Amino acid sequence: MKQNETLLNTQSINNYDVEEIGDEHLFSSIETPMRPDAFALEDDVKIELIEKHFRHIMEIMGLDLTDDSLKGTPKRVAKMYIKEVFSGLDPKNKPKVALFDNKYKYDQMLVEKDISVFSNCEHHFVPIYGKAHIAYISSGKVIGLSKLNRIVEYFSKRPQVQERLTVQIANELKQALQTEDVAVVIDAKHMCVQSRGVRDAGSSTVTSYYGGKFEQEATRKEFLAYLGM
């Protein structure tokens, strides 16, 4: 009897810890947690399986899937998950970045601000939305401006925690641009805060990364001045 009580108590503690981690928006690693066999199934098979399981979820909730408005929902959700909102999980969707010589010899910071961020909280699978602001100082190479937006989009399209998203974008920019002189600021709202739990619709979360020259106060202040911060 005591052994069973101990087991139940341990499970209760573990369940409490899991809930606390979710509500406190903690994360375990810089890399998105993925199983080794994450890409063993083709996309079409994943869509078929998700459709089946999401249909079951809807049935458990008591929804009538014979209704014209609902009967296509499981398939729509499955396609949306794989092809759109979580497409950033698949490396084949990673944007290809081509470097070009900095022929203009532009040696000041380049700032791309107000990049739209649409992601999903990995703890509750509800939206995170806001703006990303990026800056870098060329090491002699540049990339097309749209690639900055594509990099943000790629890492946003997966279950995320905002801190991890910020670092993943920064690390990819450093690698792509071959420089440490990179800055990233994300200002976003979390539906898991707005629509559940504390239900605070007015707050937003700001995260930042400063590398290389952006660790210097003057450079960082210049960047933040462009953002009106």
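Which residues lie nearest the centre of the second largest pocket? I looked this up in a predicted model, where local features need pLDDT of at least 70, side-chain atom pairs count only at pLDDT 80 or more, and totals for chains, interfaces and linings use all residues. Residues are numbered from 1 along each chain as its sequence is written, and side-chain values use heavy atoms, with hydrogens and water left out.

**Entry 1, second largest pocket.** I find that 14 residues line this pocket, and that Glu 31, Thr 32, Phe 155, Arg 158 and Gln 168 lie nearest its centre. A pocket here is an open set of points on a 1 Å grid over the protein atoms alone, where a 1.4 Å probe fits and protein lies on both sides within 12 Å along at least five of seven lines; lining residues have an atom within 4 Å of a point. I note a volume of about 290 Å³, meaning the space filled by probe spheres set on the points, which are joined across faces, edges and corners. Helix H5 (162-177) and helix H4 (145-156) each give two or more residues to the lining, with the largest share, three residues, coming from H5. Helices are DSSP runs of H or I with at least four residues, strands are runs of E with at least two, and both are numbered from the N terminus.

I record about 640 Å³ of space for the largest pocket. Its lining has 24 residues, of which Met 34, Ala 38, Lys 46, Ile 82 and Leu 89 are the closest to the centre, and H2 contributes the largest share, four residues.

I searched the whole structure and found five aromatic pairs, a pair being rings of Phe, Tyr or Trp (its six-membered ring) with centres within 6.5 Å, stacked if the planes are under 30 degrees apart, edge-to-face if over 60 and tilted otherwise. One of them is the tilted pair of Phe 86 and Phe 125, at 5.2 Å centre to centre with 50° between the planes. Phe 86 lies in the loop between H3 and strand S1 (100-101) and Phe 125 in the loop between strands S2 (109-121) and S3 (127-137), so the pair ties together parts 39 residues apart in sequence. Phe 86 is buried at 9% relative accessible area, whereas Phe 125 is partly exposed at 41%; buried means under 20%, exposed over 50% and partly exposed in between (1.4 Å probe, protein chains only).
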